[in-house]
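Some notes on the model follow, for reading beside the coordinates.

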Amino acid sequence: MSIDEIKKYINTIRRDFANKPLEDNMVKNNPMDQYAIWFEEAMSSDILDPYAACLSTASSEGQPSSRMVYIRDIIDDGFVFYTNYNSAKGSDLLVNKKAAFNIFWGELERQIIIQGTIAKVDEKISDDYFNARPRKSKIGAWASSQSKALSSREELEDNYSAFEEKFKGIEVNRPPHWGGYSLQPTKIEFWQGRPSRLHDRICYKKENGLWGKKRLSP
């Protein structure tokens with residue numbers, strides 16, 4: 001397919017959304033409770049990886065970047081994910097703690113936008129999660145210098161083989177450069193697709209430790 005064919009497709013294809021409402025009296029006062037309701041409905045709908053989210057960070061120059069991660073825990077209302085601290089996202093978070101998740105469940109015509117600040121979780125929490133991972137994933141955390149340039153695919157596979165030999169017959173401990181981050185939300189928006197692009201948007205914002213909510217124009 002050529003670029004011209006792609007342009008024609010994305011400029012002509014249209015579809016409308018289902019008429020599934022999100023009324024003010026349908027949502028909880030606490031966004032974490034509302035997230036739990038929607039997550040259960042996503043699970044019931046057999047959505048693939050309902051815990052997947054697009055994480056956006058920004059560098060010291062203000063350059064945003066986004067990537068998919070898995071939300072693996074919720075601790076004290078913080079959304080926890082795990083990664084290499086030396087990765088591109090880790091470098092961003094060293095200089096700018098503000099970040100955002102976008103969770104999109106296309107089958108339900110829903111998305112959740114979560115904004116807040118990010119901090120590392122306690123080392124014990126990272127240890128407990130790492131120890132529960134499959135052995136091959138543990139070795140992979142040692143083998144990959146995430147976001148750094150590789151000369152070839154073979155270099156990565158050779159690194160893996162070297163660490164596989166190093167840990168042969170013993171437990172694989174957590175690398176010091178690998179662990180969890182928690183996004184503590186200050187703003188959460190629930191978006192429900194509606195016909196004629198008249199979507200429902202319910203936005204929660206935390207002020208002085210308390211959540212308030214309001215409806216936004218689509």
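1. Burial terms come first: buried means under 20% relative accessible area, exposed over 50%, and partly exposed in between, with a 1.4 Å probe and protein chains only. This is a predicted model, in which local features need pLDDT of at least 70 and side-chain atom pairs count only at pLDDT 80 or more, while totals for chains, interfaces and linings use all residues. Residues are numbered from 1 along each chain as its sequence is written, and side-chain values use heavy atoms, with hydrogens and water left out.

2. The protein has six helices and nine strands (DSSP runs numbered from the N terminus: helices are H or I of at least four residues, strands E of at least two). Of its 218 residues, 37% are buried. Contacts are heavy atoms within 4.5 Å; among those with a separation of 6 or more, 64% join residues 24 or more positions apart.

3. The structure holds eight salt bridges, each a side-chain nitrogen of Lys or Arg within 4 Å of a carboxyl oxygen of Asp or Glu. In one of these, E41 and R110 meet at 2.6 Å, N to O. E41 lies in helix 2 (residues 31–44) and R110 in strand 6 (residues 110–120), so the pair ties together parts 69 residues apart in sequence. E41 is partly exposed, at 31% relative accessible area, whereas R110 is buried, at 4%.

4. R174 and D127 also form a salt bridge (2.6 Å, N to O). The pair links the loop between helix 6 and strand 7 (178–192), where R174 lies, to helix 4, which holds D127; the two parts are 47 residues apart in sequence. R174 counts as buried at 13% relative accessibility, and D127 as partly exposed at 29%.

5. Which residues does S126 contact, leaving aside neighbours within four places in sequence? They are Y82, Y85, V121, R174, G179 and G180. S126 sits in helix 4 (residues 123–131) and is buried, at 0% relative accessibility.

6. Helix 5 (residues 135–143) and helix 6 (residues 153–166) pack at about 120°, with their axes 9 Å apart. Axes are lines fitted to C-alpha atoms, for helices over the stretch in contact, and angles run from 0 to 180 degrees between N-to-C directions. Helix 5 contributes K136, I139, G140, W142 and A143 to the contact, and helix 6 contributes L156, N159, Y160, F163 and E164.
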